[in-house]
Amino acid sequence: KEAGIRALRRILPEIDLSSQSIPVETLRKIIVTMQDFIEVINEMEPSAMREVFVEVPDVKWDDIGGLLSIKQELQEAVEWPLKYQGVFKYADASPPKGILLYGPPGTGKTLIAKAAANESEANFISIKGPELISKWVGETEKGVREVFRKARQAAPCIIFFDEVDAIAPRRGGGLGEDSHVTERLISQLLTELDGLEILTNVIVIGATNRPDIIDPALLRPGRFDRLLYVPPPDRDSRIQIIKIHTNKKPLADDVNIEQLADHTEGYTGADIASLSSAAVMLALREYISKYKDQKEADNRVQELKIQMGHFEEAMTPAGQ
């Protein structure tokens, strides 16, 4: 239907809307092409995914600086089983059901999961931990069942649990003991991951800053098989991250990326992204205060340059 409407739109300029009839020659020009179908597929959401579907940003592995070993592990665990199913079946290889990404905040755990989904060409369901929890009895477990049901319908699919420690804390720890809601949620999650109903072409990825408070039953093989530590970036990784975040920005000649990498020891990927944004805003503040007239500012936009001094000022507590 949508492809047909696209084909119709192409000849609309040739149709005289005031006329009572449309010439046969014009009607014969309505031809639905393969390109119409391809463009519609990219825009439409599968009906099974409309309630939980999240549009994956155009994130590639090249957009993530460093973390080569993490990328390799995720390619083997996520991309390969979905892309090379015949090879895995021949080798009788069992891909992991779940992968847990853990590490300090801002190291790019969520971004890595989205890149894995994009590169493997799989559907992507993103669940933030706390949004599953409900005060009504049975609603929390129902939410978990619905997520996995939708994932099975839309396979190949990746389910991404952000802040998984919020929904799967260690049982018996006093969290949610009034209604035992977290204990029932964990039991439902364990059943879905490793129960009688087998997960086929569905991979679960979890991200957390606190792996120490996650229930141990989730961390055994058959549930979260792989635990991958996402560390703060080293110097080479910081150089790559700075290049990614400054790629499209008008940098002055005095900006030294390697020197910036030396000065950002201990910074995470999110910190470097924030630093780049702060430096841009400082450059804009100077430029707009110099050319307050809007037309003049637009005409002289080529003069706008982000200098090394802007990055250095952004690193100070006042700049942050």
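**Strand S1, strand S5 and the sheet around them**

Strand S1, which spans residues 98-102, is joined to S5 by 4 bridges, and the two strands run parallel. Within this pairing of the predicted model, Ile-99 of the sheet stands opposite Arg-226, a residue of S5.

The two strands belong to an open sheet of 5 strands, arranged in the order S2-S3-S4-S1-S5 with parallel pairing. Its edges are formed by strand S2 (123-128) and strand S5 (226-229), each of which pairs on one side only. On average, and with direction ignored, neighbouring strands of this sheet are turned by 20° against each other. Helix H6, comprising residues 109-119, packs on the sheet and touches S1, S2, strand S3 (157-162) and strand S4 (202-208), while the direction of the helix makes about 175° with that of S3.

Aromatic side chains provide a further link between S1 and S5. The structure holds 3 aromatic pairs, one of which is formed by Tyr-102 and Tyr-229, with a centre-to-centre distance of 5.5 Å and an angle of 45° between the planes, and is classed as tilted. Because Tyr-102 lies in strand S1 and Tyr-229 in strand S5, this pair ties together parts that are 127 residues apart in sequence. Both members of the pair are partly exposed: the relative accessible area is 23% for Tyr-102 and 40% for Tyr-229.

Key
Residues numbered from 1 in each chain as written. Predicted model: local features only at pLDDT ≥ 70, side-chain atom pairs only at ≥ 80, totals over all residues. Heavy atoms only, no water. Pairing = 2+ DSSP bridges. Axes fitted to C-alpha atoms, helices over the stretch in contact; angles between N-to-C directions. Contact = heavy atoms within 4.5 Å. Phe/Tyr/Trp six-rings, centres within 6.5 Å; stacked < 30°, edge-to-face > 60°. Buried < 20%, exposed > 50% of the residue type's maximum accessible area, 1.4 Å probe, protein only.
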